[in-house]
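Open your viewer and get ready to select residues. We will go stop by stop.

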Amino acid sequence: MRVDLRVFRYNPENDTKPHYETYQVEAEPTDRILDILEYIKGHLDGSLSFRRSCAHGICGSDAMRINGRNYLACKVLIRDLGSSKITVEPLLGMRVVKDMIVDMEPFFEHYRSVMPYLVNEELPPRTERLQSPEQRERFDDTTKCILCAACTTSCPSFWANDKYVGPAAIVNAHRFIFDSRDQAGVERLNILSNQFGVYRCHTIFNCTEACPREIEITKAIGEVKKAIAAGAIE
Ligand code: FES
């Protein structure tokens with residue numbers, strides 16, 4: 001089949017404003033958008049810029065807007081989109097460095113602000129810190145995050161104010177807040193109860209729909225809100 005791939009192009013070093021270029025490519029319905037981008041870069045236009053690493057939905061580096069919705073380019077097939085006319089653009093709400101490459105540093109600043117690591121001041125036990133299957137299950141869903149930013153950059157609250165810590169940071173806070181081995185849950189809840197924390201979430205569910213790992217993000221945010229309201233971690 002023939003695919004018309006309309007691609008956002010912007011190189012701040014040379015361009016005064018962004019523009020779109022359309023590439024016509026022969027492809028199979030089972031080809032991924034990443035395959036087409038690779039083909040264009042390798043055969044038609046070497047200046048096209050995008051991030052990718054694993055090409056298998058694990059590293060999270062190729063999140064982008066495809067026909068108006070956030071996806072990992074390596075996980076979406078042409079046939080999934082139901083059209084041979086495809087538009088590819090960078091994630092919304094982030095500074096464009098070049099073409100599909102956005103500046104991820106503010107995103108990672110939000111991530112770091114919620115202490116996304118285990119805090120436990122006790123002396124390490126001789127063996128492992130034991131946890132029951134039920135205790136592990138409590139935060140299982142939020143361990144799946146690959147920090148692709150598809151959720152945060154699909155959130156209207158984040159578009160309105162990029163100081164909002166965003167769904168991805170809350171997911172990663174949730175992962176430790178509800179970990180029975182961790183001791184900094186209250187500190188994280190305090191961080192997330194500030195004016196740019198969880199209460200910026202208006203339960204719109206864009207984040208849940210955008211997540212390539214199918215994490216129930218809005219539910220996780222709701223659990224963090226509940227823990228703050230209760231003044232305790234269940
Ligand atoms: S390239 Fe790693 S998730 Fe797509």
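This tour of a predicted model visits the nonpolar core, a loop residue, and then some rings.

**Stop 1: the core.** Select Ile-33, Ile-86, Leu-192 and Val-224. These have the most contacts inside the largest nonpolar core, which has 67 residues. Next, colour helix H6, residues 167–177. Helix H6 supplies the largest share of this core, 6 residues. In soluble globular proteins, nonpolar side chains tend to be buried together.

Now zoom in on Ile-33. Beyond its neighbours within four places in sequence, Ile-33 contacts Ile-66, Ala-73, Val-76, Ile-78, Leu-81, Ile-86 and Val-88.

**Stop 2: a loop residue.** Select Leu-91, in the loop between strand S5 (85–89) and strand S6 (96–98). Is Leu-91 buried or exposed? Its relative accessible area is 4%, and buried means under 20%, so Leu-91 is buried.

Stop 3: The structure holds 3 aromatic pairs. Show Phe-8 and Tyr-20: this pair is edge-to-face, 5.8 Å centre to centre, with 85° between the planes. Phe-8 lies in strand S1 and Tyr-20 in strand S2, 12 residues apart. Phe-8 is buried at 10% relative accessible area, whereas Tyr-20 is partly exposed at 35%.

Move on to helix H3, residues 105–113. Phe-108 and Tyr-111 both lie there, about one turn of the helix apart.

**Stop 4: charge over ring.** Finish with Arg-138. Its charged end sits over the ring of Phe-178, 4.1 Å from the centre. Arg-175 does likewise over Phe-176, at 4.0 Å.

Terms used: Residues are numbered from 1 along each chain as its sequence is written. This is a predicted model: local features need pLDDT of at least 70, side-chain atom pairs count only at pLDDT 80 or more; totals for chains, interfaces and linings use all residues. Side-chain values use heavy atoms; hydrogens and water are left out. A nonpolar core is a set of buried Ala, Val, Leu, Ile, Met, Phe, Trp, Tyr and Cys residues joined through side-chain atoms within 4.5 Å. Buried means under 20% relative accessible area, exposed over 50%, partly exposed in between (1.4 Å probe, protein chains only). Helices (H or I, at least four residues) and strands (E, at least two) are DSSP runs, numbered from the N terminus. Contact means heavy atoms within 4.5 Å. Rings of Phe, Tyr and Trp (its six-membered ring) pair if their centres lie within 6.5 Å; planes under 30 degrees apart count as stacked, over 60 as edge-to-face and the rest as tilted. A charge sits over a ring if NZ of Lys or CZ of Arg is within 6 Å of the ring centre and within 35 degrees of the ring normal.
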